[in-house]
Amino acid sequence: MYTRFTTDDYKFTIAKQGSSTYTKTSFPTHCGRYTEIETENFVFHFNLNKEILRAKSKCQNWGHPHEWLKRTQGNDWVYYSTGGYTGVFEATGEYYLPNFQYPTNSILGGHPFTCHEITDVIKNWHGEIERIEKHSIHSPAPLQEFLNNAVKNTPEKLDKRAEKLFELIEGRISVLPPDARHVDYNLIPLTISKGCLYKCRFCKVKNNTPFTEKTTEEVQNKIGQLKQFYGDDLRNYNSIFLGEHDALQASPELILSSINEAYSSFNFSHSYVKGSNTFLFGSVTALLGSPDWFFKELGETGGNTYINIGLESADAETLDKLGKPITPRLVAESFSRIQEINTNYPTIEITANFLMDEDLPANHYPSIEKLIRDSQTHTRPKGTIYFSPLKFDQPSRKHLFTFNRLKIMSRFPTYLYIIQRL
Ligand code: SF4
């Protein structure tokens, strides 16, 4: 039940209940429960740990009244823009385009962090809260209590807290699966394995760790620590990310026990956001090596599972150039296995990534077209195909043109993969 207070200068809604489902709407909807403070110049949202979560300015030069800043658990500020309505939804599957302060592969968007209206909010939000707190001496007790705690969560403290999370999960997650867009990347990272099998030459997000998986006991301990870390705000989560780069390569038993244990320990059935989801990456080797019984049990965990597989190309010369140690035959086999699983298990969606770059060999795009168009007789409602630009920080009209051509002829939902870290 929310509590509302209004003064001449501010409006406060403590424990405001936002949407209970993630929905894709052209106007901003925010999920879960949060506290909203509206002043003459700003709107701030705080999570249930009283940490800043979102902010926007009400000044005239703010990009659009629907645009806002969000702070992630990794303490990054992300600016959600409407993209000027230039086909953002068609390109990304979302109405708002995330803009980051770090290099990524997005080919859309501008440079919002060069606008002082935006950077001023990041610089000044805490000063604003301090000012409000100082004037709250005669405010009702719940409001004072909220402000006294919120003001303690300084930018420095939030930075330290993000570091603590990275320590807990043994390093920052350099990339999240594209499917995590379905929950606006609000997920609890649970590392069940480290590293990956291939160490592809082109990949900018890999690490040097050879693939290793955790033990069940280690995962159980992590779940307990994460539960403590998320604290009161745990109830705003309904999703996990099984890390790291190839969790599907972990043993089926470990994957299933980790999901079941996480859903029950994190108490997702009592989350303020309905449903539950698991996101993970998988390699071609892991996918082709996973037995049928595993997918059957995965389909019965009680939540939705999204597995993202990096195929990159179906052309031998391209795979060779990329330094991806798989063959076109394995890519074709994986593609057909993906369709089989997507058809047979309603709660599992396996999605695939392909790369885009103008310097790739001539057969790269024709080889992908054979899979995403010629191999299918009908359009498919699931099994999203993501195209990921190879180069970082190079917005390009030519890329967008190529992407639109691929999207039009694809028989699958087809979107751009914008790399986002945690
Ligand atoms: S693309 Fe995937 S498998 Fe290849 S190096 Fe990067 S993380 Fe590892």
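1. Ligand shell. In this predicted model, the residues around the ligand are Cys196, Tyr198, Lys199, Cys200, Phe202, Cys203, Lys206, His245 and Lys324. By class, the shell divides into 5 nonpolar, 1 polar and 3 charged residues.

2. Thr285 and its neighbours. Thr285 lies in helix 7, which spans residues 284-289. Leaving aside residues up to four places away in sequence, Thr285 touches Leu197, Tyr198 and Gln249. With Tyr198 there is a polar contact between the side chains, at 2.5 Å. Thr285 has a relative accessible area of 40%, so the residue counts as partly exposed. As for position in the chain, Thr285 and Phe42 are 243 residues apart, and their C-alpha atoms are separated by 50 Å.

3. An open sheet is formed by 7 strands in the order 9-12-13-14-15-16-17, with parallel pairing. Strand 9 (188-191) and strand 17 (414-416) are its edges, each pairing on one side only. From one strand to the next, the twist averages 25 degrees. Within this sheet, strand 15 (residues 348-356) and strand 16 (residues 385-389) run parallel and are joined by 5 bridges. Met356 has Pro389 of strand 16 as its bridge partner.

4. Helix 12 on the sheet. Helix 12 (residues 397-409) packs on the sheet and touches strand 15, strand 16 and strand 17. Between the direction of helix 12 and that of strand 17 the angle is about 165 degrees.

5. Which residue is found in the loop between helix 12 and strand 17? Ser410 is found there. With a relative accessible area of 9%, against a cut-off of 20%, Ser410 is buried. The side chain of Ser410 makes a polar contact of 2.7 Å with the side chain of Thr414. A polar atom of the Ser410 side chain also lies 3.1 Å from the backbone nitrogen of Phe412.

6. Helix 11. What do the buried residues of helix 11 pack against? Their partners are strand 14 (304-312), helix 9 (316-322), helix 10 (328-344), strand 15, strand 16 and helix 12. Helix 11 covers residues 364-374, and its buried residues are His364, Tyr365, Ser367, Ile368, Glu369, Leu371 and Ile372. An α-helix has 3.6 residues a turn, so residues three or four places apart point the same way. Among the buried residues are His364, Ile368 and Leu371.

7. Strand 6 and its partners. Strand 6 (residues 68-71) runs antiparallel to strand 5 (residues 52-57), to which 2 bridges join it. Ala55 has Leu69 of strand 6 as its bridge partner. Strand 6 also pairs with strand 7 (residues 77-81), in the antiparallel sense and over 4 bridges. Here Lys70 has Val78 of strand 7 as its bridge partner. Strand 6 and strand 7 form a hairpin with 5 residues between them, and Asn75 in the turn has a positive phi of about 65 degrees.

8. Side chains of strand 6. Trp68 and Lys70 point one way from the strand, while Leu69 and Arg71 point the other way. Are these residues buried or exposed? All are buried, Lys70 and Arg71 included.

Conventions:
Residues are numbered from 1 along each chain as its sequence is written. This is a predicted model: local features need pLDDT of at least 70, side-chain atom pairs count only at pLDDT 80 or more; totals for chains, interfaces and linings use all residues. Side-chain values use heavy atoms; hydrogens and water are left out. Two strands pair if DSSP finds at least two bridges between them. Axes are lines fitted to C-alpha atoms, for helices over the stretch in contact, and angles run from 0 to 180 degrees between N-to-C directions. Contact means heavy atoms within 4.5 Å. Buried means under 20% relative accessible area, exposed over 50%, partly exposed in between (1.4 Å probe, protein chains only). A polar contact is a pair of N or O atoms within 3.5 Å; within protein, one must be able to donate a hydrogen and the other to accept it, and residues adjacent in sequence count only if both atoms are side-chain atoms. A residue is near a molecule or strand if one of its heavy atoms lies within 4 Å of it. Ala, Val, Leu, Ile, Met, Phe, Trp, Tyr, Cys and Pro count as nonpolar, Asp, Glu, Lys and Arg as charged, and the others, Gly among them, as polar.
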